[in-house]
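Here is a short note for someone opening this structure for the first time.

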Amino acid sequence: MKKVIQVLAIMALSVLIIWGVKSIFFDGSYANGNKTDLSGSSGAEIIPTSYLPVAPFSGPDFTTAAEKTVHGVVHIRSEFSARTGGYDDFFGPFRDLFGYPYGGNNTYTGFGSGVIITNDGYIITNNHVVDGAGNVNVTLNDNREFEATVIGNDPSTDLALLKIDADNTPFIGFGNSDNVKIGEWVLAVGNPFNLTSTVTAGIVSAKARNINILGTPGAIESFIQTDAAVNMGNSGGALVNMNGELIGVNAAIASNTGSYAGYSFAIPVNIVRKVVDDLLNFGLVQRAYLGVTIREVDSKLVKEKDLDIANGVYIESVSETGGARDSGMEEGDVIVSVDNHSVKTNAELLEIIGQHNPGDVVSVLVNRDGTDKEFRVELRNQQGSTAVEKKGDDFFMSDLGATLEQVPDEDIKNLKLTGGLKVVELQDGMLKKGGVQKGFIILKINGLKIENKQDVDYALSNIKNGVIRIEGIYPNGMRMNYGFIL
């Protein structure tokens, strides 16, 4: 009986407590729209936080952009007879995003990403993802697999164009990288660590970033820098804006470990569009030049040259055959804008000019001795011409004593090459005296990959110790190395 009384007492006390809480919080003046003083005095009022109104969360919504783009990014598997260089081992903290998951018997299989850009199966990726590959296989997001053909590549921008035999492929439309703003949200879509269809988000943290990793003559480095997480396997994947438009192709990360450590870098889509158009129309990229050698303006240069301007691009010399000289530009001028686009760094200038073809005319504003002057400059190719260069066009190299041409498609296919220059004629000169035969395909000079005349010029102008080493292959598959002493 005593225990029953105790239980009833506890129950009664519980009812009183519940009634008291209800009267304070629900029946009092707070429930009627007024604050209730719980302090017991006329001092500060205390409002229970559980009854304060809570604003709904309104963060960025990435679902629409992700749904529009995830099916337009593919997984790429490349097979190599030997592990290539390129982006494999960088000096310093910058690394590529290309993965080599396994290899054996001198055969390597790497993986990366690519972006479908048309509904009939054209795909853009990084050049280092397919450079030197014997076979390139593409897997779509719906698990369909295709063997891809390399239509063309451009080492100076680290881009390559592929084609698969497929219709009605999902694709990602081009945006405008000139309109990209620092601080805006972006998505990185790719296949990190061989995991398909991965989407990460971040913001644009910088533009026109030059990280000096391409290492090819005439390289254009003007990366979009983001903090979206990307890793090995993201090479060639998409960087898209909140509208689901392609604004860049992911290429590298800043890392001392090879894994994501805070920043990634993408090739601007306006450069991508230019490369794609040229590869489709001409078979190789039509590179345009102002015809100047340049140096970025900094405090040291301002003091050294007693400049009247603190930023821009300083002209160290003007080419005899370039459009800059003919327009009236001079050594010592400081370029401050091109076509009304402000230019403060070399990377910004290279990005703007890199979107043009030889024959285009641009408006260049320079500062000369404190006075602004504007010039109309006709851009030209490296030979000082506005003529269109096409794959297969030959040219004579007097230093080698040989006429060279782009490697024919038949040799590309049979020998599983991605580039090189073929010797089509020999005169008395270095190659002939060294035993090189007609038909030999030059792949490297002093370790530098050879794709065009520009590469040969660069390699021959950077000879050390008077020694030239030329690596290549004959159409019968015989690989040869030749050495020459100047």
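1. **The main core.** The largest nonpolar core holds 32 residues. Ile124, Leu159, Ala238 and Val272 have the most contacts inside it. Several elements give two or more residues to this core, among them helix 2 (63-69), strand 5 (122-125), strand 9 (159-163) and strand 10 (185-190). Helix 4 provides the largest share, six residues. Please keep in mind that this is a predicted model.

2. **Ile124 as an entry point.** What does Ile124 touch, beyond residues up to four places away in sequence? Its partners include Gly114, Val115 and Ile117. They also include Leu159, Ala160 and Leu161. Gly236, Val249, Val272 and Val276 complete the list.

3. **A second core.** There is also a separate core of 22 residues. Met397, Val436, Ala459 and Ile468 are among its members. As a general point, nonpolar side chains tend to be buried together in soluble globular proteins.

4. **Helix 4.** The length of this helix can be checked. At 1.5 Å a residue, the 14 residues of helix 4 should span 20 Å. The C-alpha atoms at its ends are 20 Å apart, so the model agrees. Buried residues in helix 4 include Val269, Asn270, Ile271, Val272 and Lys274. Val275, Val276, Asp278 and Leu279 are buried as well. The buried residues of helix 4 pack against strand 5, strand 8 (149-154), strand 9, strand 14, strand 15 and helix 7 (346-353). After helix 4 comes Gly283, with a positive phi near 90°.

5. **Strand 18.** Five of the five residues of strand 18 (residues 334-338) are buried, so the rest of the structure largely encloses this strand. Which strands does strand 18 pair with? Strand 17 (residues 313-318) pairs with strand 18 in the antiparallel sense over two bridges. There, Tyr314 has Val334 of strand 18 as its bridge partner. Strand 20 (residues 361-368) is also antiparallel to strand 18, over four bridges. In this pairing, Ile335 stands opposite Val366 of strand 20.

6. **The hairpin.** Strand 19 (residues 341-342) pairs with strand 18 in the antiparallel sense, over two bridges. Ser337 stands opposite Ser342 in strand 19. Strands 18 and 19 form a hairpin with two residues between them. Asp339 sits in the turn and has a positive phi of about 50°.

7. **Aromatic pairs.** A search of the whole structure finds five aromatic pairs. One of them joins Phe62 and Trp185: the ring centres are 5.2 Å apart and the planes lie at 65°, so the pair is edge-to-face. The pair links distant parts of the chain, 123 residues apart. Phe62 lies in the loop between helix 1 (2-25) and helix 2, and Trp185 in strand 10. Phe62 has 22% relative accessibility and counts as partly exposed. Trp185 is also partly exposed, at 37%.

8. **A tilted pair.** Phe440 and Tyr474 form a tilted aromatic pair, 4.9 Å centre to centre with 55° between the planes. Phe440 lies in the loop between helix 9 (430-433) and strand 25 (441-445). Tyr474 lies in the loop between strand 27 (467-473) and strand 28 (479-485), so the pair ties together parts 34 residues apart in sequence. Phe440 is buried, with a relative accessible area of 1%. Tyr474 is buried too, at 11%. Ring pairs link Phe440, Tyr474, Tyr482 and Phe484 into a cluster.

9. **A charge over a ring.** The charged end of Lys163 sits over the ring of Tyr122, 5.3 Å from the ring centre.

10. **Ser327.** This residue lies in helix 6 (residues 323-327). Ser327 and Val364 are 37 residues apart in sequence, and their C-alpha atoms are 9.8 Å apart in space. Setting aside neighbours within four places in sequence, Ser327 is in contact with Phe375, Arg376 and Val377.

Terms used:
Residues numbered from 1 in each chain as written. Predicted model: local features only at pLDDT ≥ 70, side-chain atom pairs only at ≥ 80, totals over all residues. Heavy atoms only, no water. Core = buried A, V, L, I, M, F, W, Y, C linked by side-chain atoms within 4.5 Å. Buried < 20%, exposed > 50% of the residue type's maximum accessible area, 1.4 Å probe, protein only. Contact = heavy atoms within 4.5 Å. Pairing = 2+ DSSP bridges. Expected span 1.5 Å × (residues − 1). Phe/Tyr/Trp six-rings, centres within 6.5 Å; stacked < 30°, edge-to-face > 60°. Lys NZ or Arg CZ within 6 Å of the ring centre and 35° of its normal.
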